Amino acid sequence: MDITELLAQFANPETLKTLSFTHKLVASLVTTLLGMGITFIALIILQVLISWMDRLINRPVDLPVRSSAPPAPAVDAAPVPAKTDGDELVAVISAVIAVKLKTSVDHIVIRNIEKIEDRSPIWNRAGIMEQMNNRF
């Protein structure tokens, strides 16, 4: 019996009762492999499409400046923190680490603090903020 004939009989409830145990087992395995294979291929296609869309949406855009006027001097939007702000930041971070590790602040040494650039999309940050605000 051919696989297509077996699957056709396997789909019909009346002829399913007449099939032997081995035919039922083979038809079940073929059906399972077909379903899993189609699902796996669809997931691979979705992954490729999502990565392609991510590259299209998040690619850096370099626009040429056509102005002949000299560029304005850069001004920092946030003021440069004073030394005390840095000390406060170190104290807060060391306190949080001490609480998380359930140890004393004396056992923690912070050598360097660097701000990491957030490269996540704005919708991701908005979702995180919404989650955090809903906890309070």
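## The salt bridge

Aspartate 118 has a relative accessibility of 44% and therefore counts as partly exposed. In this predicted model, the side chain of aspartate 118 meets that of arginine 125 in a salt bridge, with a distance of 3.8 Å from N to O. Arginine 125 is likewise classed as partly exposed, because its relative accessibility is 32%. Both values lie between the limits of 20% for buried and 50% for exposed.

The structure holds one salt bridge, and the pair formed by aspartate 118 and arginine 125 is that salt bridge.

## Overall architecture

The secondary structure of the protein consists of five helices and zero strands. Followed along the sequence, these elements give the pattern α-α-α-α-α.

The protein has 136 residues, of which 6% count as buried. When contacts between residues at least 6 apart in sequence are considered, 11% of them join residues at least 24 apart.

## Confidence of the model

The average pLDDT of the protein is 82, and 81% of the residues score at least 70. Among the elements, the highest mean pLDDT, 93, belongs to α3, whereas the lowest, 81, belongs to helix α4, which spans residues 83–101.

Over residues 72–82 the pLDDT stays under 50. For this stretch, the model has zero contacts beyond four places in sequence.

## The packing of α1 and α3

How do helices α1 and α3 pack, in angle and in distance between their axes? Helix α1 covers residues 3–11 and helix α3 covers residues 21–57; the two pack at an angle of about 95°, and their axes are 10 Å apart. The two helices are therefore roughly perpendicular to each other, since angles from 65 to 115 degrees fall in that class.

On the side of α1, the contact is made by Ile3, Leu6, Leu7 and Phe10. On the side of α3, it is made by His23, Lys24, Val26, Ala27, Ser28, Val30, Thr31 and Leu34. By residue type, the contact of α1 with α3 comprises eight nonpolar, three polar and one charged residue.

## Serine 94 in helix α4

Serine 94 is located in helix α4. Is serine 94 buried or exposed? Its relative accessibility is 8%, so serine 94 counts as buried; the limit for this class is under 20%.

Leaving aside residues up to four places away in sequence, serine 94 touches Val105, Ile108 and Ile110.

Lysine 102 lies in the loop between α4 and α5, the latter helix being residues 122–134. Although lysine 102 is not a glycine, it has a positive phi of about 55°.

With a relative accessibility of 76%, lysine 102 counts as exposed, because that class begins over 50%. Serine 94 of helix α4, in contrast, counts as buried.

Definitions and conventions
Residues are numbered from 1 along each chain as its sequence is written. This is a predicted model: local features need pLDDT of at least 70, side-chain atom pairs count only at pLDDT 80 or more; totals for chains, interfaces and linings use all residues. Side-chain values use heavy atoms; hydrogens and water are left out. Axes are lines fitted to C-alpha atoms, for helices over the stretch in contact, and angles run from 0 to 180 degrees between N-to-C directions. Helices (H or I, at least four residues) and strands (E, at least two) are DSSP runs, numbered from the N terminus. Angles under 35 degrees count as roughly parallel, over 145 as roughly antiparallel, 65 to 115 as roughly perpendicular and the rest as oblique. Contact means heavy atoms within 4.5 Å. Ala, Val, Leu, Ile, Met, Phe, Trp, Tyr, Cys and Pro count as nonpolar, Asp, Glu, Lys and Arg as charged, and the others, Gly among them, as polar. A salt bridge is a side-chain nitrogen of Lys or Arg within 4 Å of a carboxyl oxygen of Asp or Glu. Buried means under 20% relative accessible area, exposed over 50%, partly exposed in between (1.4 Å probe, protein chains only). pLDDT is the predictor's confidence in each residue, from 0 to 100.
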